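Here's a quick tour of a protein fold, from the overall layout down to a few ring contacts. Have a look at the structure first, then read on.

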Amino acid sequence: MADLGDPKAALHHYLQATREDLIWKLDGLSEREARLPRTATGNNLLGVLKHCLNVEAGYFGPTFGREFPTPEELVPEQAYDEDPQADWYAREDETKGGLIDLYRRVGVFADQTIEQLPLDAPGRVPWWRPGGQIVTLQRIIIHVTCDLARHAGHADIMREQHDTTIGLRRENTNIPDDYDWPAYVTKLTKLADRFA
């Protein structure tokens, strides 16, 4: 367990935990289930994972002068010119297992950046607007963790809608056991209906 009293270790811990939570949301899903759009804008569980791995590779790579060892596995910048959603879905030649493996390798790459640099290490985010591109490692860890946490929330809801798999983490769902969810939903619906 990380020393959560140390600011860098605490930030790193929450980033790693959020990354693992995203991967967990794909457990037990078939290729089709992982890829199936679940919102009106096409959000899908495997696409969220692919987006997040590309986010981490970018922010913990070029921002600090590093390149992921196999950049051809990532979505290239020019792909966004053709399709601004290029990192939000798995192509036919990509698999759930392959993208999970890639994300784990991106995680190791990101972790190396964090381990090798101090929190005040300077970086530059080339895709941010001029005048706001200069950052520190601390800011990037926070930025990426917030981004991943937002998408983990998307994944939570999409997975719950798919098969009622719920929870914060595999080892600690943080959800009451044996709770009468249908009665709870009925209670909340009745409460909402009072304002109709």
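## Overall layout

A quick definition to start: helices here are DSSP runs of H or I with at least four residues, numbered from the N terminus. With that in hand, Gly98 is found in helix α5. Keep in mind that this is a predicted model.

The protein chain has 7 helices and 2 strands. Going along the sequence, the elements come in the order α-α-α-α-α-β-β-α-α. The C-alpha trace spans about 55 × 45 × 35 Å along its principal axes. The chain has 196 residues, and 40% of them count as buried. If you take the contacts between residues at least 6 apart in sequence, 71% join residues at least 24 apart.

## How α1 meets α5

How do the axes of α1 and α5 cross? Helix α1 covers residues 7–24, and its axis comes within 11 Å of that of α5, with a crossing angle of roughly 175 degrees. Angles over 145 degrees count as roughly antiparallel, so that's what α1 and α5 are to each other.

On the α1 side, the contact is made by Lys8, His12, Leu15, Gln16, Arg19, Glu20, Leu22 and Ile23. Helix α5 brings Ile100, Tyr103, Arg104, Gly107, Ala110, Asp111, Ile114 and Glu115.

## Aromatic pairs

Rings of Phe, Tyr and Trp pair if their centres lie within 6.5 Å, and by this rule the count is 6 aromatic pairs. One of them joins Phe68 and Phe109, with ring centres 5.4 Å apart. Their planes sit at 90 degrees, so the pair is edge-to-face. Phe68 is in the loop between α3 (45–59) and α4 (79–82), while Phe109 belongs to helix α5 (residues 96–116), so the pair ties together parts 41 residues apart in sequence. Are these two residues buried or exposed? Both Phe68 and Phe109 are buried.

Tyr179 and Trp181 make a tilted pair, at 4.7 Å centre to centre and 55 degrees between the planes. Buried means under 20% relative accessible area and exposed means over 50%. Tyr179 has a relative accessible area of 39%, so it is partly exposed. Trp181 comes out at 33%, so it also counts as partly exposed.

## A cluster and a charge over a ring

Which residues form one aromatic cluster? The members are Tyr59, Trp127 and Trp128. There's a charge over a ring to look at too: Lys50 lies over the face of Tyr89, at 5.8 Å from the ring centre.

Gln85 is placed in the loop between α4 and α5. Its relative accessibility is 40%, so Gln85 counts as partly exposed. Leu46 is 39 residues away from Gln85 along the chain, and their C-alpha atoms are separated by 13 Å.

Back to Gly98 in helix α5: its relative accessibility is 33%, so Gly98 counts as partly exposed.

Methods
Residues are numbered from 1 along each chain as its sequence is written. This is a predicted model: local features need pLDDT of at least 70, side-chain atom pairs count only at pLDDT 80 or more; totals for chains, interfaces and linings use all residues. Side-chain values use heavy atoms; hydrogens and water are left out. Rings of Phe, Tyr and Trp (its six-membered ring) pair if their centres lie within 6.5 Å; planes under 30 degrees apart count as stacked, over 60 as edge-to-face and the rest as tilted. Buried means under 20% relative accessible area, exposed over 50%, partly exposed in between (1.4 Å probe, protein chains only). A charge sits over a ring if NZ of Lys or CZ of Arg is within 6 Å of the ring centre and within 35 degrees of the ring normal. Axes are lines fitted to C-alpha atoms, for helices over the stretch in contact, and angles run from 0 to 180 degrees between N-to-C directions. Angles under 35 degrees count as roughly parallel, over 145 as roughly antiparallel, 65 to 115 as roughly perpendicular and the rest as oblique. Contact means heavy atoms within 4.5 Å.
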